[in-house]
Amino acid sequence: MDLDALRTADFGLLDDAVEDWSTMVTDLAKLKEDARDGLKGAADKADWAGCNATVTKEFIGKTAAEFTDAHGQAESVRNILRDTRNELKGCHRRLDEALERGRRKKLTVVGHEGGFSVTAEGEGTGEGKDRGGGGGGDRRDDISALREEIQEILDRATEIDESAGTVLKAIADQSRLGFSDARYQDRDAAARAVREADALAVLARKNPEDLTVEEFDRLDAGLAKYGKDGLFAERFATRLGPRGTLEFWTGITDPSGTYALREGREDRFDDLQRHLSLTLAGASRSDSAAMADWKRDMIGLGETRVGGHGVGPTGFQVMSNLMRVGDYDDAFLNRYGSELMAAERRLTGNGENGNDVWEFGGASGTSHTLNHIGEDSGADPLTGFLKGLSRSPDAATSFLGEEYVAKDDPGNPFERDTDGDGHKGKVSLSNFQYLFEERQWPEEHDSHGDELHTGRNNLALALEAAATGHPAGEMPTADTPAHNAQQAKLVESLVRSVAEDPSRLTGHGYMSDSVGQIAAEYMPDIHRGLHAGLSSDRALFPVAGTTAQFGEQDLTRFLYTLGRNPEGYAAVNLGQHSYTTQLMQYHFEHPDAYVDDPAHSRADCLKDGIGEIARTAGQIQGTIGAGRAYEGEIEGGTQDADYNSVLETTSTWGGTAVGIGVGLATAPVVGPGGIVIGGVAGTAADEIIGAITDGSLKDSAGDVVYRNGRQFQDTADSTYRLVEEAARKAGENAGRRSPLIEATVASEAQDGFDSAANNVHRYFNGEGIPRQLESED
């Protein structure tokens with residue numbers, strides 16, 4: 001900024017801009033509240049069905065969120081403009097004061113192109129920028145002092161002006177459509193983030209072998225402090241560049257280099273990996289042109305060897321390990337995943353050959369440990385990528401549903417008997433089917449020589465996110481969207497796959513917790529699949545969104561298989577009882593919701609509806625109970641202790657987290673996906689789940705429910721007791737308690753339990769059933 005521009009500055013327009021933005025902030029705050037409490041609030045309470053339940057309602061939720069982002073961005077712009085105006089006014093005032101002091105000393109300051117000059121009557125000239133001098137004695141000192149003071153003021157004004165322009169442009173560039181979520185209280189905060197990003201990018205571009213322990217600490221601390229800042233993240237990533245990013249992490253983890261860092265900081269490589277991952281994840285959500293280039297070029301480097309001389313890990317191997325933490329942009333994950341699977345096809349002959357190309361020390365010619373979060377080395381790029389997908393449900397759904405190989409693709413090695421005629425033919429496979437059913441996962445072992453299963457476990461987490469619509473390891477909330485057609489199709493494929501070959505799950509039991517969670521959140525769909533008849537399903541088991549279609553045989557084999565694993569059993573057990581209890585309470589509150597037949601009393605219609613619910617609940621409990629009984633027999637008593645331990649530690653199911661999958665499309669008390677709005681604390685479902693997890697409820701023999709499950713009859717007794725309790729508590733909470741219903745629901749559940757025993761025997765051809773499910777004295 002030159003002298004005359006600051007000296008003659010008219011801040012009126014800037015004042016007007018600040019005032020206009022302040023007005024906009026106030027208006028947007030009101031719109032934000034209206035969108036949140038009015039638009040979205042009304043949408044949450046509305047009667048949604050069909051496409052409205054899966055598309056319109058989700059769109060309204062995202063639109064409401066845009067108002068929040070718009071308000072936040074406007075507030076940041078207002079704050080930066082206000083801060084800039086105030087600081088520039090301060091510089092203007094300081095300049096006027098300096099000029100006035102000069103005039104009193106008979107010094108004249110004249111601005112010109114490229115700088116300014118300071119002259120004194122009868123003395124030499126002091127030039128700003130061009131450091132000319134002149135005069136003598138005290139006058140020269142006065143000229144020099146004024147020149148330096150003015151130059152410092154102009155430098156400061158230039159810094160303020162340029163940094164304001166930089167950060168305002170950066171905020172605007174973050175979101176090509178809509179608004180970014182950047183939040184800044186003043187210009188200095190935004191400017192500091194940008195400056196720190198530039199400084200840390202310079203450090204990260206250094207040869208890692210030359211990086212000192214102190215510089216490592218500064219990088220780690222800086223990424224930890226600023227990594228979640230959108231401007232910082234975008235600036236750091238784009239300044240470092242995609243190749244620089246890969247070379248940085250490859251160099252840091254290179255076992256043949258960075259000796260000083262390995263000696264002094266290897267125990268903190270995991271922290272740096274987390275902080276770098278979070279930073280890159282935040283950067284990926286920027287819509288700036290520079291970040292678009294970064295994402296495109298990063299994917300393009302996927303099969304390029306990093307480290308020189310044609311050896312070392314590939315770009316996919318390096319980048320995937322930087323996806324284990326953080327929420328990456330869905331579009332980037334989708335493009336990255338498509339190219340990664342294309343590389344998988346090329347390098348493995350469509351999956352027919354082994355995956356030694358992803359093994360360090362093998363075809364890669366390196367022995368890197370790219371991953372320091374957990375025990376696996378990070379050699380298999382799908383391991384880290386799938387972990388990233390587990391926090392990005394939409395991207396996970398898209399990726400797992402994408403076609404891996406088409407039926408008529410040349411070189412398709414996959415053949416199956418799809419019509420039962422004994423002849424195999426080529427089949428198309430989705431990414432889910434290939435990864436879950438066919439892929440030869442690279443072998444890895446921990447420091448004790450035990451085989452690691454991180455890749456498959458991360459697949460289960462990605463599958464959980466893809467099927468449920470929320471990040472893996474979390475419970476659904478009122479904002480979790482109703483299940484859509486893609487999700488329903490994926491779960492149908494999962495159930496069919498496990499039913500076709502149970503070893504796909506029993507051989508990898510560590511996946512059962514995620515698969516069990518999926519089953520719990522698809523309870524309405526499962527109940528419909530097991531319930532005889534179609535016309536009454538919609539009223540008895542209402543579903544918000546798309547219903548997954550299951551057959552009784554597939555569901556029986558699927559649930560039985562889940563029951564063989566303690567974590568899978570616990571998730572289905574709690575999910576079923578949560579759903580059953582909430583559903584009973586709903587029907588008690590709306591006794592004509594199931595059927596309103598004028599030829600029968602409303603009480604009789606309600607009794608029949610609750611009875612159907614109890615019967616289906618008994619069938620589910622009988623099926624998973626059979627799996628538990630079988631596993632207890634083949635594994636011995638220690639397995640029973642595992643089941644009990646899991647039931648006792650399922651604390652995430654308590655309180656507000658218990659609202660699983662009621663799927664009522666008509667009731668204002670539930671949100672998308674059937675989640676109880678406002679939680680279920682104090683409801684019948686909350687009491688029932690608490691009774692299971694804290695062991696406060698006894699079965700007919702006086703034992704804690706489900707704690708003595710090795711014998712099939714023990715599980716049956718627990719189920720009958722719980723169903724009776726559910727009917728009683730649901731009736732009480734609805735203000736319509738019915739002793740007749742409470743007295744008959746156990747018999748209905750028993751019918752379902754007996755049906756489960758018959759189905760297991762029938763659909764497993766008599767195999768895998770302990771003593772035909774009979775208990776022994």
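A: Start with the surface. The protein chain exposes about 32000 Å², and carbon and sulfur atoms supply 46% of that area. Accessible areas come from the Shrake-Rupley method with a 1.4 Å probe, and for residues only the protein chains shown count as cover. This is a predicted model: local features need pLDDT of at least 70, side-chain atom pairs count only at pLDDT 80 or more, and totals for chains, interfaces and linings use all residues. Residues are numbered from 1 along each chain as its sequence is written, and side-chain values use heavy atoms, leaving out hydrogens and water.

Q: What percentage of the residues in the protein chain is buried?

A: Buried means under 20% relative accessible area, exposed over 50%, and partly exposed in between (1.4 Å probe, protein chains only). Here 55% of the 777 residues are buried.

Q: How many helices and strands are there?

A: Helices (H or I, at least four residues) and strands (E, at least two) are DSSP runs, numbered from the N terminus. The protein chain has 29 helices and seven strands.

Q: How do I check the span of helix H28?

A: The expected span is 1.5 Å times one less than the number of residues. H28 covers residues 712–734, 23 residues in total, so it should span 33 Å. Its end C-alpha atoms are 33 Å apart, which agrees. Of its 23 residues, 17 are buried, so the rest of the structure largely encloses H28. Gly735 follows H28, with a positive phi near 75°.

Q: Which way do the side chains of strand E1 point?

A: In a regular strand, side chains alternate between the two faces of the sheet. In E1 (residues 107–112), Leu107, Val109 and Gly111 point to one face and are buried.

Q: Which strand pairs with E1?

A: Two strands pair if DSSP finds at least two bridges between them. E1 pairs with E2 (residues 115–120) in the antiparallel sense, over six bridges. Gly111 has Phe116 of E2 as its bridge partner. Two residues separate the strands in this hairpin, where Gly114 takes a positive phi near 90°.

Q: Which residues have the most contacts inside the largest nonpolar core?

A: A nonpolar core is a set of buried Ala, Val, Leu, Ile, Met, Phe, Trp, Tyr and Cys residues joined through side-chain atoms within 4.5 Å. The largest has 142 residues, and Phe236, Met319 and Leu435 have the most contacts inside it. H28 gives the most to this core, with nine residues. Another core, of 20 residues, lies apart from it and includes Leu88 and Ile160.
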